[in-house]
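Hi everyone, thanks for making time.

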Amino acid sequence: MRKIKETLQFDRETLVLRKIKQILGDKILLYVLYGFILSYFYNLPIIKYSIKGDNEFRLYDVLGLFLIYFYYKYYHFADAVIRKVFVFKQLRFFLYWSCITMLTSLFFYILNDKLTGFLQVILYMYHFWIFYLAAVFFYIYCVDKKKFQAGIYLILLFSIVCCIIVVLQNIAVLDFFWNDSYREAYGGFLSGTLGPNKIVLGITSLLVFSLGLGILLEKNMNINRIVLYFSMLLNVYIIIVSGSRTTYVGLAVVLLYFAVRSPLRFVAISSFFSFLMVLILSINPELQKSLDDTLEKRIFSKTQVDENKDAEVGELYSDLGSGRDKLTISNALYLLENPQIIPFGAGFMNRFDKAPGLSAHNMYIQVIKETGLVGFFLYFGWLVSFLFLKFDKYRGFSLALNG
């Protein structure tokens, strides 16, 4: 019996290794994933079509179709990975539940004779799934160290190019890339090839900076230090110049977590980068001016709290939030006034419920509004699971990811 079990175990391990080798050897899938990395930094439309007004397909929209094909091609192995990795497993539960709540949304779109508008709901869910599947395949490809490092280089290099474009726009060398509709909607915010919303630029740079921090803390990662330092410096600069206050908070949390977990390395690394940043800004006064203008416009001119010694944190949040706190509070009150929504939600991307504004500007309230308490527990459980991720061989990545 023992020999039979050992034989079966050996056969399973052999089968898994063969399947991994097959996936890693699939060059088309590899190029699709590399294309996905590019699509994270290139959000400009590549195809325009019209179903309900002017619509746009982006690079990830097209590549997503290939990704779905490969998911079904390698379904059994990919499904086994998802079930084994709690982060993927938990998020898939939330995705399944969100798909179920789309039926409620569909009912409201039919009721309001806006069935074509439901196509946008489907597109959002399509994005959700393809980004999720891309993450699963990235995870699998991390088994191969060479492909893993190639992916990291692509992220760093694409990020550097994107940041340089934004810098050139801020010193008036390059113009706004998006059309007049976007210029009007977002006030001509300069974001390079990323979406013209401040938070898209800010959060993208924050994620790349956090990745760079993880690489910097890894002794076994053979990534060119000049490329790494240049990327991290540029992304810190872009985070500040983005004016995204949400990203400022995110950066503060990541750095605080880093300082608590590894204080000596935090002091050494932060001192080194501070010196380089001051040196670069002193060499180029135009870059310094763009930072000063952004901070004045997005922070200092938004609040008078610093002049009032008796002011509270809530007043600071209200000033800096530009009215978002009112939207959050009004949406919370809306849920309390309509308790029938709370258990199961009004439906994923349902734009016909009577809640104030399309967004609560609070992810937790928004999740409850759309997918109910069921969705909230699934979503929040997925979010919390990141705090418990541990990579034995890559502890620096664990620290950066937990942060």
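Predicted model: local features only at pLDDT ≥ 70, side-chain atom pairs only at ≥ 80, totals over all residues.

The largest nonpolar core has 56 residues, and the ones touching the most other members are L29, F36, L67, Y132 and F137. Where do those core residues come from? At least two residues each are supplied by helix 1 (2–24), helix 2 (27–41), helix 3 (59–73), helix 4 (75–84), helix 5 (86–111), helix 6 (118–141), helix 15 (324–337) and helix 16 (363–385). Helix 6 gives the most, with 13 residues.

Let's zoom in on Y132. Leaving aside residues up to four places away in sequence, Y132 touches I82, F88, K89, L91, R92 and L95. Apart from this core lies another one, of 44 residues, including F148, L156, L201 and M277.

Now for the helix pair. In general, two packed helices are described by the angle and the distance between their axes. For helix 3 and helix 6, the axes come within 9 Å and cross at roughly 60 degrees. The two helices are therefore oblique to each other, and helix 3 passes helix 6 in a left-handed crossing.

Which residues meet there? On the helix 3 side we have Y60, D61, G64, L65, L67, I68, F70 and Y71, and they meet L123, Y126, H127, I130, F131, L133, A134 and F137 of helix 6. Sorted by class, this contact has 13 nonpolar, 2 polar and 1 charged residues.

Note on methods: Residues numbered from 1 in each chain as written. Heavy atoms only, no water. Core = buried A, V, L, I, M, F, W, Y, C linked by side-chain atoms within 4.5 Å. Buried < 20%, exposed > 50% of the residue type's maximum accessible area, 1.4 Å probe, protein only. Helix = DSSP H or I, 4+ residues; strand = E, 2+ residues; numbered from the N terminus. Contact = heavy atoms within 4.5 Å. Axes fitted to C-alpha atoms, helices over the stretch in contact; angles between N-to-C directions. Parallel < 35°, antiparallel > 145°, perpendicular 65-115°, else oblique. Left-handed = near helix turned anticlockwise from the far one by under 90°. Nonpolar A, V, L, I, M, F, W, Y, C, P; charged D, E, K, R; others polar.
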